[in-house]
Amino acid sequence: MPGRPNRVDELMLKIHESGLTGLMDPERLSRLAALIRAHMECATIDDAFHRLYEDWLELPQGSAHRRVQATNIAQLVPLMRMQGARVTPEQDRRLRAAAASEPETGPEVATADTTPSPMWDLISLANQGAGDGFGTATVDRAQLEAARLDMERNRAAAGPPGTARHATFEVGYATLVSYLAQLDNAGDDFDRSVVELKRLRALPELPDQSRRLLDVRIAICEAQQAQARHDPAALAAATERLSSAMTLVDGAEVGREDMNGFLAANRPLLASVARPATEYLDDATDFVPEPIAEVRRRAARELPGAQAVILVHAAYARAMHGVGRRDALMLAEAVELLEETLEASEEGATRLHFLCLLGGIQHFLAVLKEDAALLDQSVSCLARAVRLLDGPQDPAWAQAAAALGRAYRSRGDAAGADSRYGLANLAASRRVGLQALQAFTWSVLLQSGTAHATASGAQAAGEAIAIARWCVADEAYEDAVRALDAGRGLVLHAATVSRTVPTLLDAAGHDALAAEWRRVGAVEQPIADGFSAPSTGVPSELRRRVLAALNGTPYARRLLEVPPLAEITAALDRIHADALVYLIPADEHGGDGSDSLGITHGAALIVPAKGSPHVLELSELRTVAPALTAYQAAGSPGRDAGGPIDEPTPPPAAPPPHTSRQARAALDRLCAWAGESVMAELLPALPRPLGRVPSVVLVPMGQLGLVPWHAAYTLANGKRRYATHDAQFSSIPSARLLCEVAGRETGTGTAGRADDVLIVGDPTRNLRHAGEEARAIHSVLHPRARFLDHRDGTPAEVLAWLARTAGGTLHLACHGTVDPDGPRTAWLSLARGDLAAEDLTERPGTHGGPDLVVLAACLTNVSGRGYDEAYSLATAFLVAGARSVLGSLWPVPDDATSLLMYMTHHYLKEQRQTPGQALRSAQLWMINDGRTAPPGMPADLAARVRGIDGEDLAGWAGFTHLGW
């Protein structure tokens with residue numbers, strides 16, 4: 001049939017006159033499809049689209065009419081897709097590009113008044129995805145981005161503010177932005193979009209129908225925020241709000257199936273946040289899946305574009321429950337439904353997400369049934385998805401690659417390491433697993449602000465330990481080091497490299513991007529609904545452009561890759577350490593049938609400064625060891641503040657409360673376990689340097705970071721032998737940060753240079769002994785140091801000193817607090833304000849480089865963002881430029897701490913020891929019952945020397961050394 005380009009104008013006029021605009025429901029969409037088919041004289045909506053597209057191709061290129069027609073057809077595309085039209089990504093791209101490329105004015109543009117506005121497109125998409133629990137898995141990103149640009153160009157079509165049309169337009173736009181933020185894994189953008197949706201919901205002019213749908217969308221967003229934070233209480237509350245909101249939504253509304261699907265899948269999601277993976281369906285035994293035949297019948301009755309939504313939600317709910325119950329029949333049905341979903345969905349990014357989900361379920365089912373053919377299908381499915389996804393920058397790529405690595409591992413285990421086929425699959429599992437970990441790093445670097453970086457990297461640590469176990473099992477120890485380090489301290493890594501990004505961009509020839517990064521880096525972003533703290537002001541959108549610009553260049557290595565083994569050993573040599581030791585806990589689940597983890601016992605991966613990495617098996621190194629779980633349950637001894645320093649006499653020391661005695665006993669049992677189960681085997685395996693004890697840097701994985709390993713002890717003839725007697729211990733979050741810190745030059749000042757020392761003592765006037773400690777250090781050891789108290793020991797003064805120092809020592813004797821649930825998770829209480837860890841890591845790179853920071857406060861080396869993140873006040877000071885930091889693991893008792901801190905400075909000043917050596921010497925002095933006060937110690941401190949109990953671990957073991 002010859003082309004009739006004017007048929008598009010006629011069609012849009014008919015649609016306008018029909019009243020089939022605005023919010024869509026299935027009945028309206030069916031009528032719209034019938035109108036389009038009849039006008040285009042086609043039997044199917046797919047034929048109608050292609051005839052419209054062919055008519056458009058006949059129009060002269062560059063004409064204004066061609067632009068208007070492209071705009072009109074592009075607006076109809078998502079609605080025709082929902083009725084079954086097959087629109088290729090290239091066709092959609094060409095239409096959108098043509099609509100955006102020509103001038104907005106011209107004689108033909110007058111027809112725009114008779115066409116649906118771009119708002120129609122977006123509202124329909126918003127309705128379609130309103131209940132999508134998979135982060136817009138059923139909506140293509142390219143379509144959404146093109147629609148967003150359309151809306152921005154045509155905002156005037158929404159009418160004036162204060163009208164229902166304008167309010168509905170803004171809701172559609174904000175919903176679209178929230179979808180794009182999810183697809184891009186941009187936590188800051190997502191949080192801000194949720195705040196905007198809540199603001200719009202309160203507009204009185206918003207139609208009730210739109211408000212009801214908006215309530216559903218907000219509840220789903222809040223559930224997804226709670227999932228990211230691993231907050232079961234918030235997730236349960238959001239799920240309840242979603243259930244309530246759905247009762248008010250018309251049952252015929254487009255998106256209803258998405259909403260039902262989200263609720264069905266959200267039950268096991270809720271339980272998985274609240275419990276370990278092996279227990280997460282204990283309370284979900286009442287789940288009865290809808291018969292698969294009924295799912296198919298229901299899908300067949302729906303709009304063609306909605307069929308994939310119904311099928312994928314039913315498949316996902318079956319998969320979640322089937323995994324927990326190890327129910328092969330339920331999993332097999334999930335596979336069937338996903339295969340049908342793929343048949344019902346178009347090519348593109350959405351289909352790839354379905355492919356990833358299918359491959360993962362096939363893998364679990366194949367291992368459960370020991371089905372080699374199904375395992376091959378899983379590998380093939382996942383390998384295809386990884387190949388077609390857009391590399392590590394695609395938010396789905398890391399998950400897909402990790403799943404492919406597990407599938408390769410299972411196939412290699414099944415074939416056996418004695419066969420070439422088995423060895424090839426095991427090697428592939430390591431290779432792909434390490435690539436997945438690099439993609440997790442990419443995801444963290446995209447985030448603006450510490451909170452979002454933490455949420456984004458939450459899975460990396462667990463994946464890293466699993467992949468490291470594969471490497472250890474294969475005796476690929478260098479790969480094991482790479483794996484472990486790739487999942488550690490990613491937030492700290494992101495904060496560290498953020499300071500170097502402009503330099504990397506300059507070197508790569510991206511001067512404009514470098515200037516933009518510097519310009520916005522000093523601007524704080526506002527807190528978004530209490531979830532995130534103000535960030536550096538480098539938004540995710542700019543971070544994405546920077547990563548894309550550096551991707552494929554040598555400069556990307558600095559951002560994405562862990563340091564090679566040669567660089568790690570060089571760093572150890574530079575700081576005079578003999579070994580880096582990763583402590584890997586046992587796999588408590590022992591593998592669950594779906595995931596071969598290589599080894600299940602605990603181990604120490606030892607990286608000597610000279611020689612090759614090797615592994616020491618530690619069968620009792622477990623995070624569920626009774627001594628460790630009892631310690632976590634009991635808590636730690638509280639701090640005896642001692643009252644204000646200006647009281648004439650200190651109050652009498654009260655006996656420890658019952659809970660404190662319990663906590664101290666639990667700490668004692670913990671250190672006994674650490675000595676007998678770990679250090680008794682590890683210490684003999686360390687390198688033995690001549691003339692001194694070995695110096696070891698520990699990287700404890702997971703909850704093992706809570707253990708004061710230097711205080712681990714064994715008994716010989718009734719006497720305790722502590723690990724610190726036989727080795728000097730430091731800790732570091734990762735080899736990445738070790739290499740960074742080891743590369744820093746010593747400042748012009750030293751611990752003995754008085755003019756480079758800043759001491760802050762009791763700035764809140766309620767830590768008597770801390771004040772005495774600080775004044776004693778000042779008067780005896782650093783008389784020329786600057787001393788700040790409650791009058792001038794403010795955060796601004798400390799930050800100003802950090803910004804201008806090049807060496808020297810900062811001593812902070814004050815309160816320290818950790819709050820894992822707050823936007824700022826750790827802070828020091830100073831005069832007239834707090835100094836938070838985020839103040840150090842999220843500010844522009846203006847800090848100097850102190851040689852030593854002494855944090856004589858509680859909990860300063862305790863992470864508020866997860867054990868493997870190791871994000872604490874102590875590590876924040878390392879990121880801010882310090883070479884060495886002393887921090888604490890629990891609320892330290894004030895009287896004993898004051899002596900320990902004084903003696904640490906004594907060994908630094910009088911014996912010129914390094915910070916790590918000085919802390920160890922001070923702790924050995926505390927342990928020694930024959931200790932004496934050194935010459936010059938003030939009388940009030942000296943009077944307490946003989947009263948210290950060397951076996952009271954709470955008094956001396958809480959402090960650790962980081963750096964060199």
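1. Aromatic pairs. The structure holds five aromatic pairs; please keep in mind that this is a predicted model.

2. What the tryptophan pair joins. W673 belongs to helix α30 (residues 658-685), while W709 sits in the loop between β4 (695-700) and β5 (713-716), so the pair ties together parts that are 36 residues apart in sequence.

3. Are these two tryptophans buried or exposed? W673 has a relative accessible area of 10% and is therefore buried, the cut-off for buried being under 20%. W709, at 3%, is buried as well.

4. An aromatic cluster. Elsewhere in the chain, F49, Y53 and W56 come together as one aromatic cluster.

5. Helix α19 against helix α23. How do α19 (residues 420-445) and α23 (residues 490-498) pack? Their axes are 9 Å apart, at an angle of about 60 degrees. The two helices are therefore oblique to each other, since angles of 65 to 115 degrees would be needed for roughly perpendicular. The crossing of α19 and α23 is right-handed.

6. Who makes that contact? From α19 come T441, V444 and L445, and from α23 come L490, V491, H493, A494 and V497. By class, the residues in the contact of α19 with α23 are six nonpolar and two polar, with no charged ones.

7. Helix α23 against helix α32. α23 also packs with α32 (residues 735-742): the axes come within 10 Å and cross at roughly 35 degrees. This crossing of α23 and α32 is left-handed. On the α23 side the contact uses L490, L492, H493 and T496, and on the α32 side R736, L737 and E740. What classes of residue are found in the contact of α23 with α32? There are three nonpolar, two polar and two charged residues.

8. When you view the two contacts together, look at L490 and H493 of α23: both take part in the contact with α19, and both take part in the contact with α32.

9. A glycine within a helix. G360 is placed in helix α16 (residues 349-369). With a relative accessible area of 28%, G360 is partly exposed.

Key
Residues numbered from 1 in each chain as written. Predicted model: local features only at pLDDT ≥ 70, side-chain atom pairs only at ≥ 80, totals over all residues. Heavy atoms only, no water. Axes fitted to C-alpha atoms, helices over the stretch in contact; angles between N-to-C directions. Helix = DSSP H or I, 4+ residues; strand = E, 2+ residues; numbered from the N terminus. Parallel < 35°, antiparallel > 145°, perpendicular 65-115°, else oblique. Left-handed = near helix turned anticlockwise from the far one by under 90°. Contact = heavy atoms within 4.5 Å. Nonpolar A, V, L, I, M, F, W, Y, C, P; charged D, E, K, R; others polar. Phe/Tyr/Trp six-rings, centres within 6.5 Å; stacked < 30°, edge-to-face > 60°. Buried < 20%, exposed > 50% of the residue type's maximum accessible area, 1.4 Å probe, protein only.
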